[in-house]
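Hi there,

Here is the structure I promised to pass on, with some notes on what turned up in it. Please have it open while you read.

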Amino acid sequence: HIDAYKQLQGGTALINITSYTTSIALMINGQLKTIRTLPKGIIALTKQVAQDLNKTPQEVIDHLIRFALETNHAAEYAPVSEKVINDWWNSINFTLESFTTQLLNRQPMTKIIFLGNGSLIKGLIPFIKQKTGIDCELFNAETMSQDPTCIIKNSNLITPINVISVSATLP
């Protein structure tokens, strides 16, 4: 467990946005219950915006990271970026609604924690918070260094030097 997150109550979604996938993990009262991976990550979003705007993917990824959902920069990007991100979010939200129906007895999600390179899209977290009304935040990796060891459920100890190796083996 990570001390900063062990007190989370209710349903918490961890959304890991990578280059090619978006993984949604559901934790209930701090315990991992299920994970679903969608085959759409930052590359797919970038390609869709690039296609719609007739731009190169490199131009678009630079814009997404620097400005994305901020409408005061490069007005041509804003409506297209918002539409593509909104469509992508709808597929994630479908999963979240399934989780709340099946595993939370229709109780609302209490927090969404974003991780991965895609979570660096400028304005993404406030955009999702506004759409959902759910408290959203970026995962704080520094909390892992507060406790120099990691203990998994069966009391095995993982030292800091092995954390990266272990994290690479976990989904």
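**Helix packing, the core and a strand residue**

Helix 2 packs against helix 3 at an angle of about 85°, and their axes lie 12 Å apart. Helix 2 is therefore roughly perpendicular to helix 3, since angles of 65 to 115 degrees count as such. On the helix 2 side the contact is made by Glu59, Val60, His63 and Leu64, and these meet Tyr77, Ser81 and Ile85 of helix 3. Sorted by class, this contact between helix 2 and helix 3 has four nonpolar, two polar and one charged residues. Do keep in mind that the model is a predicted one.

Helix 2 also meets helix 1. Helix 1 covers residues 42-53 and helix 2 covers residues 57-66; their axes come within 8 Å and cross at roughly 115°. Helix 1 and helix 2 are therefore roughly perpendicular to each other, and their crossing is right-handed. Helix 1 brings Ile42, Thr46, Val49 and Ala50 to the contact, while helix 2 brings Pro57, Val60, Ile61 and Leu64. By class, the contact of helix 1 with helix 2 has seven nonpolar residues, one polar residue and no charged ones.

Next, the core. The largest nonpolar core has 36 residues, and those with the most contacts inside it are Ile15, Trp89, Ile112 and Phe114. Several elements give two or more residues to this core: strand 1 (11-17), strand 2 (22-28), helix 1, helix 2, helix 3 (77-103), strand 4 (109-115) and helix 4 (124-132). Helix 3 supplies the largest share of the core, nine residues.

Which residues does isoleucine 112 touch, leaving aside its neighbours within four places in sequence? They are Ala13, Ile15, Trp89, Leu96, Ile128, Ile134, Asp135, Cys136 and Glu137. Of these partners, Ile15 and Trp89 are also among the core residues with the most contacts.

Is leucine 138 buried, partly exposed or exposed? Its relative accessible area is 41%, so leucine 138 is partly exposed. Leucine 138 and leucine 115 are 23 residues apart along the chain, yet their C-alpha atoms are separated by 6.2 Å.

Happy to talk any of this through.

Best wishes

Methods:
Residues numbered from 1 in each chain as written. Predicted model: local features only at pLDDT ≥ 70, side-chain atom pairs only at ≥ 80, totals over all residues. Heavy atoms only, no water. Axes fitted to C-alpha atoms, helices over the stretch in contact; angles between N-to-C directions. Helix = DSSP H or I, 4+ residues; strand = E, 2+ residues; numbered from the N terminus. Parallel < 35°, antiparallel > 145°, perpendicular 65-115°, else oblique. Left-handed = near helix turned anticlockwise from the far one by under 90°. Contact = heavy atoms within 4.5 Å. Nonpolar A, V, L, I, M, F, W, Y, C, P; charged D, E, K, R; others polar. Core = buried A, V, L, I, M, F, W, Y, C linked by side-chain atoms within 4.5 Å. Buried < 20%, exposed > 50% of the residue type's maximum accessible area, 1.4 Å probe, protein only.
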